[in-house]
Amino acid sequence: MLYYEGASDRWDARTGYYSFEHHEHDTIANGQYYFHFPVAHVKADWLDTAHFPNEPHQCPYTTVGKALNAESSTQGVLIIHHDRIVYERYWGDFSENQMATVFSISKSITSLMCGIAVDDGYIRSIDDPVTVYLPELKNEDPMWQKLTIRHVLDMRSGLNFDDAYDLTLKDLGKINAMAQLNYGHNLMKQVRGL
């Protein structure tokens, strides 16, 4: 189930306006052992009081917290340095124990995981066609065999998918496609149709 609450002319994840909630989704089960970044002994809490220019040439100085609390839809900030958490803050109803959909951050994580897979030998080269690793796409369209992992990582795949939309009835099809992409249970079926 996917719905939005409220009526506003702007996105505001903290108050719930135009924010999506999903009550049933695929979950990757935790194994017996999983990794946690330890908290650094010396933390960067000074970021809470450090002032920096918020806008070029006008220089109204602000703090990180004020900048992110004002007009931002940022739900949290986590800074890791030398494999340790040096800064961690959350806004609104969010906390370090709450799960949240990361949406576009998935692209960075996917790129990172592809690099690790190349280093570990699971992927020979990012210049391989995607059909080497997803052979089920070979029979869908001959263009899949020309599409490389590098094209996908660089967001140059040329796939017919538009993720720009407004929360209106006119864009209901795009909203549905995004909901299926983020919360659906058969991603490969959706990908094969692109």
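What percentage of the 194 residues in the protein is made up of buried residues? The share is 21%, where buried means under 20% relative accessible area, exposed over 50% and partly exposed in between (1.4 Å probe, protein chains only).

The model shown is predicted, so local features are given at pLDDT of at least 70 and side-chain atom pairs at pLDDT 80 or more, whereas totals for chains, interfaces and linings use all residues. Numbering starts from 1 along each chain as its sequence is written, and side-chain values use heavy atoms, with hydrogens and water left out.

**Whole chain**

Followed from the N terminus, the order of elements is β-β-β-β-α-β-β-α-α-α-α. Switch to a surface: the accessible area is about 14600 Å², and carbon and sulfur atoms account for 54% of it. Accessible areas come from the Shrake-Rupley method with a 1.4 Å probe, and for residues only the protein chains shown count as cover. Of the contacts (heavy atoms within 4.5 Å) between residues at least 6 apart in sequence, 37% join residues at least 24 apart.

**Strand β3**

Select His51, which lies in strand β3 (residues 51-53). His51 is exposed, with a relative accessible area of 53%.

Next, select residues 76-81 and 84-90. These are strands β5 and β6, which run antiparallel and are joined by 6 bridges; strands pair if DSSP finds at least two bridges between them. Within this pairing, Gly76 stands opposite Tyr90 of β6.

Now centre on the turn, where 2 residues lie between the strands. Most residues other than glycine have a negative phi. His82, in the loop between β5 and β6, is not a glycine, yet its phi is positive at about 55°. Asp83, also placed in that loop, likewise has a positive phi, of about 60°, without being a glycine. Both side chains may be displayed here: His82 is exposed at 66% relative accessible area, and Asp83 is exposed at 55%.

Move to α2 (105-119). Its 15 residues should span 21 Å at 1.5 Å a residue, and the end C-alpha atoms are 22 Å apart, which agrees; the expected span is 1.5 Å times one less than the number of residues. Gly121 follows α2 and has a positive phi, near 85°.

Continue to Ser125, in the loop between α2 and α3 (149-153). A polar atom of the Ser125 side chain lies 3.0 Å from the backbone nitrogen of Asp127. Leaving aside residues up to four places away in sequence, Ser125 touches Tyr133 and Ile149.

**Helix α4**

Finish with residues 172-183, helix α4, whose 12 residues should span 16 Å; the end C-alpha atoms are 16 Å apart, in agreement. Which residues of α4 are buried? Colour Ile175, Met178, Ala179 and Tyr183, which are buried. These residues cover an arc of only 100° around the axis, so they are on the same side of α4; the arc is that of the directions from the helix axis to the C-beta atoms.

Key:
Helix = DSSP H or I, 4+ residues; strand = E, 2+ residues; numbered from the N terminus. Polar contact = N/O pair within 3.5 Å; in protein donor to acceptor, adjacent residues only side chain to side chain.
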